[in-house]
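Please look over the structure below. A short report on some of its features follows.

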Amino acid sequence: MNISEICIRRPVFTWVLVAIPAVLGMVAYTELGVDLFPKVEFPVASITATVPGASAEEMETTVTKVLEEAINTVSGLDQIQSTSREGVATIVVQFVLEKDIDVAVQEIRDKVSSIQKQLPEGIEPPIVNKFDLDASPIMTLAVAGRRDEREVTEITKRKIQEVLQTVPGVGSIFLTGGRSRAVNVILNLDLLNSYNLSVEDVRQALVSQNIELPGGIVDQGSRELVLRTLGRIRETEQFNDLIITNRDGYPIRIRDVGRAEDSIEVPRGMSTLDHDNAASLFILKQSGTNSVAISDAVKKRLEKIRKTVPEDIKIEIIQDQAHFIKESMDEVQFHLILAAFLVSGTILLFIRDWRTTLIATLAIPTSIVPTFLFMQYMDFSLNNITMLALILAIGIVIDDAVVVHENIFRYMEEKGMDAMTASRKGTSEIALAVLATSLSLVVIFVPVAFMGGIVGRFFSSFGLTVAIAILISLFVSFTLTPMLCSRFLKLEHGAGASSKSGWIYQLIDGAYGVALRFALRHRFLTMFVCVLVMFSTVPIAMTMGVNMVPRDDQSEFQVSILTPEGYTLQRTTAVVHEIENRIKALPGVTHLFTVVGESNGGGKGQGDVTRASIHAAIIPLEERKYSQFDVMKRARNILVDYPELRTAVMDVSTIGGGANGDSRIFQMNLRGPDLEKLAEYSETLATELRKIPGLVDVDTTLSLRKPELQVEIDRDRASDLGIPVQAISSSLNVLVGGQIVSKYEEGSEQYDVWLRADKSFRDNPQNLDYLTIPSPTAGLVQLTSLAKLSESRGPSQIDRLNRQRTVTVRAHPEDVTLKEAVDRANQIVKEMNMPPEYEVSYGGQAEMLGETAYYFAVALGLSILFMYLILAAQFESWMHPISILAALPVTIPFGLLSLMLFRTPMDLYAMFGLFMLIGIVKKNGILQIDKTNELRSAGMDRDAAILEANHTRLRPILMTTVMLVAAMAPIAVGQGPGAGARASMAKVIIGGQVLSLLLALLVTPVTYSLIDSFGNFLKRKPAV
């Protein structure tokens, strides 16, 4: 007695069997996290090292190269990429995917610690972090108010940032663009010289006379007292009274040589919200936590915060990743429900029986809901990938139930059996075919779960989710479906084939019969057509455009701006504000959030003020008739009027980025020994790429030469005066760049104390000549006596890849596919005839494109091999699987053709659509061959059995095909958030199924007939 018969006899047992996983699935659903992407850990680490005031070349020589050499000995290394800028060096280390990232990070820390003494003095301890998808900001807040900028920043820091950091799940919050409070000690160098004092004297006074140290314990026998020396300055005004030294019994104070101000740090950046000065907060979540839940918690906390801050303080949410996630998930859930209704309508259309529709439709919730339990067990979240898997599963999970159900219904209609008998016999007859189809579908998606590469990491949850849903649907089709049919299925019109009597079905059935008879009479002609179709795959694929990931309308975009080297913060801000005014006038733009200055620069007082970004928010998608990409094109046209700027208009990256992130997807790396040659080659390449229509925002990372004022020291003269080079460098650093020399405490807060020369002494190269350096033999010596100042130019940024200098060419394929851009770039490189020591490699999505194609080919090959083995085992034959799989080669070209008809390029999601297409076509073949074998076993002639079997199985095949098309239709035509990513997969499935259906239904029986004839020929051939 099999499980189906047990369930038919014991309905309560069956309901319990199905209800338990369904109830647990519902509970699991409430506990699943909601996110944009699956939880993926990449073996990538970053090292950040800062040396305040160091040039890009100095950072490369003394920091980057030293760190690279040490890190290069770590095992499992795949790639080292570094960027050296003024004051900061960033190294990104990529390991092979098999490397444990926690182990890798610890090994890097050990290597960095071991060479700490080789790094220059003044370097801050290098910071080693592992790359985390969760390390990108999930929310950006802007805080503005009608009051002093410093006060707005203080309110932001104390009443907003510190309060939000206590929200569960919030990892860290970065504040940029504000004006932080600081005590500035500003020196008048003329007065300083008149007292024969040096800047080092002032620095030492501030360090030694603003300090509080424990004095030990005073033991009184019966009690103890803690001794404290109160050396801290309690009021900012007291800094002016701080004594530097005594001369002839007269104390010389700070106020005698300058002034102390309770002010702000010298700004190296700013941010504005719709032209109003603002402080911005970037909120990062803790690794592995739920983005939507944290966003909701932050918003609730903001409601409380708004009641505690002054009325003029405005807190705006500029960017909220959860908003896009929620809208995208709502859209998917709507598609999920709509697909279920459309699938149910398909059953009603074919069977024309409401009981049948209800029973078959129950397979959807009873298969999908328990899948949530598996997702929770595997620690999957509800994200774009897993929800896509569930939508796909809707079109599949009902197939098994429908095939079983239709067979039971056919037994009742055509053989006049009662529901109980028809359920037993109908299920028993079709069981082998249903088991074969489900298991061979599972082996299609399991290889996807174990695919290699970055894409494999992302889509493992996709493959496993679909596979489990299919297995659960198989269980439901053998338990719940036959039980419900045996109890509730009735014929409304008595015996007879009433459900097939409609003129539309009769017409389809008759036309298929004519085509099948013709194909069987002209088998070689049919196979010749199939071979032609199969060979058309290559030319169709060659002419297709290929992208990595389709773009989504997120109702926001970002403008990246790089001004010429040497621009000040004020000059950059003026240019950016002018561009802001023009972008604000574009249709649909509601808010502009602008950040000027590098938000992740090399510490306080550092940062690149030539960089800026404008984040533009657009009205929601449903409220406009134009796309985000139309607005971006108009923004790009505005930037044409600023040829001196290096600009790009980009989508807001959902993975990383930040305020100054660059999300251009086309990246080419040029490596070689000579930087001048690299500059020449990269410029030639960029010029040629700009000629490609549709390739926009073409630029290189080659930095412009930044103006420098270089101090050339006369070493002999300095030695005679007893002045070491370090003393000269240190004095200039304090006087010109400014240095944090102490801390000022007020209550429980600490503020930096900066020391520098007055602006009038450092705003002109001629004035710097008169800066004085202390000499142990000659007193104060003017800089002009020791050194010569000359203006020169040095690089503002130096990029390296695998320990070689490199230049990256970046662009954005707007009206051209990524594959076309790569092919054209390869052709340009070939024509350039570069020497062999200069190499070209791709980065970003261009690099992943080739890797993904390879891993997909491997997964596809494994899927087909496993399908063949499963079918061979099921049918106990090495030949029947060939008949079933014969339809695969004629389906793929139709899937590709459908993309061309829909004017959609091939992409990651479309590739998964091809997997699905192969599974469905193979499913049809199993139904055809299984019934043919059954009829032949009963004694029927081969051709008669083929015709009878295909007429019998035509309805379930058409039903499963139309159901899948119905499930995919809402996704294919969807226009909501995230629709762009899902549409290509649906279009492949719909187009491939509809276009290839007739030929696929003919090629399987014809191949079966030919193989059978060949087998008979071999049997008749006499033995030698």
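## Helix 28 and the residue after it

Helix 28 covers residues 888-901. In this predicted model, the helix has 14 residues and reaches 20 Å from its first C-alpha to its last. That is close to the 20 Å expected at 1.5 Å a residue. Several of its residues are buried, among them Leu888, Val890, Thr891 and Pro893. Phe894, Gly895, Leu896, Ser898 and Leu899 are buried as well.

Just after helix 28 comes arginine 903, with a positive phi of about 55°. Arginine 903 sits in the loop that runs between helix 28 and helix 29 (908-937). Is this residue, arginine 903, buried or exposed? Its relative accessibility is 79%, so arginine 903 counts as exposed.

## Positive phi away from glycine

Most residues other than glycine have a negative phi. Arginine 903 is not a glycine, yet its phi is positive. Arginine 803 is not a glycine either, and its phi is positive at about 70°.

Where is arginine 803 placed? It belongs to the loop between strand 28 (797-801) and strand 29 (804-813). Arginine 803 has a relative accessible area of 35%, so it is partly exposed.

## Helices 12 and 13

Two packed helices are described by the angle between their axes and the distance between the axes. Helix 12 spans residues 363-377, and helix 13 spans residues 384-415. They pack at an angle of about 140°, and their axes are 9 Å apart. Helix 12 is therefore oblique to helix 13; an angle must be over 145 degrees to count as roughly antiparallel. The crossing of helix 12 past helix 13 is right-handed.

Which residues meet where helix 12 and helix 13 pack? From helix 12 come Ala363, Ile364, Ser367, Ile368, Thr371, Phe372 and Met375. From helix 13 come Thr386, Leu390, Ala393, Ile394, Val397, Ile398 and Ala401.

## Cysteines

How many disulfides does a search of the whole structure find? The search finds 0. Cysteine 7 is in no disulfide, and the nearest cysteine sulfur, that of cysteine 485, is 13 Å away.

Cysteine 7 is buried, at 0% relative accessibility. Cysteine 485 is buried too, with a relative accessible area of 0%.

## Isoleucine 186

Isoleucine 186 is placed in strand 7, which covers residues 181-187. Its relative accessible area is 11%, so isoleucine 186 is buried.

What does isoleucine 186 touch, beyond residues up to four places away in sequence? The residues it touches are Val257, Gly258, Arg259, Glu261, Arg756, Ala757 and Asp758. Arginine 255 is 69 residues from isoleucine 186 in sequence. In space the two are 9.6 Å apart, C-alpha to C-alpha.

## The whole protein

The protein has 1024 residues, and 54% of them are buried. Its secondary structure comes to 31 helices and 30 strands. Along the principal axes, the C-alpha trace spans about 125 × 80 × 60 Å.

Methods:
Residues numbered from 1 in each chain as written. Predicted model: local features only at pLDDT ≥ 70, side-chain atom pairs only at ≥ 80, totals over all residues. Heavy atoms only, no water. Disulfide = S-S within 2.5 Å. Buried < 20%, exposed > 50% of the residue type's maximum accessible area, 1.4 Å probe, protein only. Helix = DSSP H or I, 4+ residues; strand = E, 2+ residues; numbered from the N terminus. Expected span 1.5 Å × (residues − 1). Axes fitted to C-alpha atoms, helices over the stretch in contact; angles between N-to-C directions. Parallel < 35°, antiparallel > 145°, perpendicular 65-115°, else oblique. Left-handed = near helix turned anticlockwise from the far one by under 90°. Contact = heavy atoms within 4.5 Å.
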